[in-house]
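The sequence and structure are shown below.

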Amino acid sequence: MSALAVKSLYKIFGSRGEEAVRRLANGAPRAEALVGLPATAAVIDADFEVKPGEIFVVMGLSGSGKSTLIRMLNGLLRPTKGSVRVDGVELTSLKPAALRKLRREKISMVFQHFALMPHRTVLENAGYALEVARLPKAERRERALDALRMVGLEDWADKLPHDLSGGMRQRVGLARALAAGTDILLMDEAFSALDPLIRREIQDQLLELQAELGKTIVFITHDLNEAMRLGDRIAVMRDGRIVQIGTAEEILTDPANGYVAQFVADVDRTRILTASSVMEKPHHVLDVNAGPRVAARALRETQTSVVYVTGPGKRFLGTVTEDEVLRALREGRQSLDGYVSTERVRTVSEDTAVADLFADCAESQHPMAVLDAKGRLAGVIPRITLLSALASATPDDVSMVDDTAPMDEPTRPDTELLGAKGEPA
Ligand SMILES: Nc1ncnc2c1ncn2[C@@H]1O[C@H](COP(=O)(O)OP(=O)(O)OP(=O)(O)O)[C@@H](O)[C@H]1O
Ligand SMILES: [Mg+2]
């Protein structure tokens with residue numbers, strides 16, 4: 001079951017909400033549909049589910065409806081129409097007391113402006129939700145301390161918020177949500193007020209914590225790089241509507257429309273694209289039991305100077321070059337065993353970010369070997385492929401988006417530049 005499920009969800013501010021929903025239901029843009037109505041459409045026909053343990057990012061420009069959406073997820077705002085289910089429970093059917101209880105037990109929220117109480121200690125702030133829930137003092141203290149430990153602030157428990165830096169204060173905000181022990185965290189621009197370096201640090205910390213705790217997180221941001229770093233999946237919002245939901249890689253390589261393409265045009269795609277998305281099929285793979293004659297033929301046919309060699313279970317063993325093949329021939333060997341070297345070719349895993357490949361690439365004479373989780377050769381990355389991936393990551397890329405095209409026409413800027421599987425164009 002999904003942790004959160006949203007169906008045909010609308011929020012109209014102002015009056016005549018039902019009329020507004022009717023006018024918007026056929027997909028009309030909100031600017032046109034509501035002319036003459038005293039109403040603002042903040043969220044239009046949202047549909048998505050968030051799986052337990054997932055980080056689901058909602059990204060969009062200011063005014064696109066992100067905060068309104070997240071505030072309907074914990075029942076702080078009542079939808080004009082549609083359904084929100086938390087662990088299968090329909091929020092719109094709950095009485096206020098039941099809603100408060102569900103919120104307390106299942107959902108915590110982390111805000112952009114920390115919302116710490118200045119006259120209470122860090123520990124008291126971290127344990128605030130537990131105080132509201134009337135837990136005994138000793139238990140509150142223990143759970144709040146645990147949460148502070150998770151974010152690395154246990155030594156600051158007795159300080160006041162103003163003793164802390166911005167990054168630390170936001171970690172207290174995070175600790176408060178963790179101490180509450182809810183499975184779902186809603187984070188609205190939680191890191192947006194922080195300096196870039198601090199922000200990266202706290203993003204890393206969130207990812208580390210998440211690997212351990214497996215919370216269900218809805219994370220709102222207007223920062224694309226943050227969205228791509230954190231999100232298992234990303235929903236892109238525009239003018240109240242969700243225009244695409246997908247993984248970072250899906251959104252980069254296959255934007256749903258020109259708007260999304262333009263939105264993602266200046267993201268550092270070398271950080272998002274992985275080795276597996278730029279690798280190519282290796283042309284010259286031999287089993288270690290193949291003899292040097294077969295290897296010599298492979299070298300000749302492919303006009304390369306290196307053959308990739310695999311062993312039992314197709315595990316990657318290394319390479320042999322022309323010299324070694326010649327040596328094996330001269331020494332009258334029947335197999336390549338004993339001639340395979342791991343020195344000339346760098347190996348990387350499929351999920352290595354392209355950005356992290358450049359150093360390896362410079363040191364590798366031959367195409368890098370990309371290995372899957374079982375150590376099998378999944379593909380190779382020639383230097384030229386990497387260079388073209390780099391080229392497509394430069395700001396020039398923006399010009400690849402045809403901005404004369406209507407916003408909703410599908411354009412696929414970077415796949416063309418990169419070639420379908422990373423072949424240089
Ligand atoms: N309480 C309200 N009353 C009337 N209109 C509202 C209200 N809250 C939000 N809106 C409008 O709804 C739209 C969506 O606002 P929302 O705050 O959800 O956007 P957002 O994506 O969170 O923007 P930001 O990035 O600036 O936080 C905007 O046009 C906004 O003016
Ligand atoms: Mg907002």
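The model is predicted, and local features need pLDDT of at least 70 and side-chain atom pairs pLDDT 80 or more, whereas totals for chains, interfaces and linings use all residues. Residues are numbered from 1 along each chain as its sequence is written, while chains are lettered from A and ligands numbered from 1 in the order in which they are written.

Helices (H or I, at least four residues) and strands (E, at least two) are DSSP runs, numbered from the N terminus.

## The six-stranded sheet

Six strands form an open, mixed sheet in the order β6-β7-β8-β3-β9-β10, where two strands pair if DSSP finds at least two bridges between them. The edges are β6 (107-110) and β10 (241-246); each has a single partner strand, so one side of each is left without a neighbour in the sheet.

Within this sheet, β3 (residues 55-60) and β8 (residues 216-221) pair in the parallel sense over five bridges. I55 has I217 of β8 as its bridge partner. Helix α3 lies across β3, β7 (184-188), β8 and β9 (233-238), and runs at about 160 degrees to β8. Axes are lines fitted to C-alpha atoms, for helices over the stretch in contact, and angles run from 0 to 180 degrees between N-to-C directions.

## The three-stranded sheet

A second open sheet, also of mixed pairing, has the order β11-β12-β13. Strands β11 and β12 (residues 306-310) pair in the parallel sense over three bridges, with V285 opposite Y308 in β12.

## Helices α8 and α9

The axes of α8 (residues 166-179) and α9 (residues 196-213) come within 10 Å and cross at roughly 30 degrees. The two helices are therefore roughly parallel to each other, a term for angles under 35 degrees. Their contact involves G166, G167, Q170 and R171 of α8 and I198, E201 and I202 of α9; residues are in contact if their C-beta atoms, placed from the backbone, lie within 7 Å.

Technical notes: Parallel < 35°, antiparallel > 145°, perpendicular 65-115°, else oblique. Contact = placed C-beta atoms within 7 Å.
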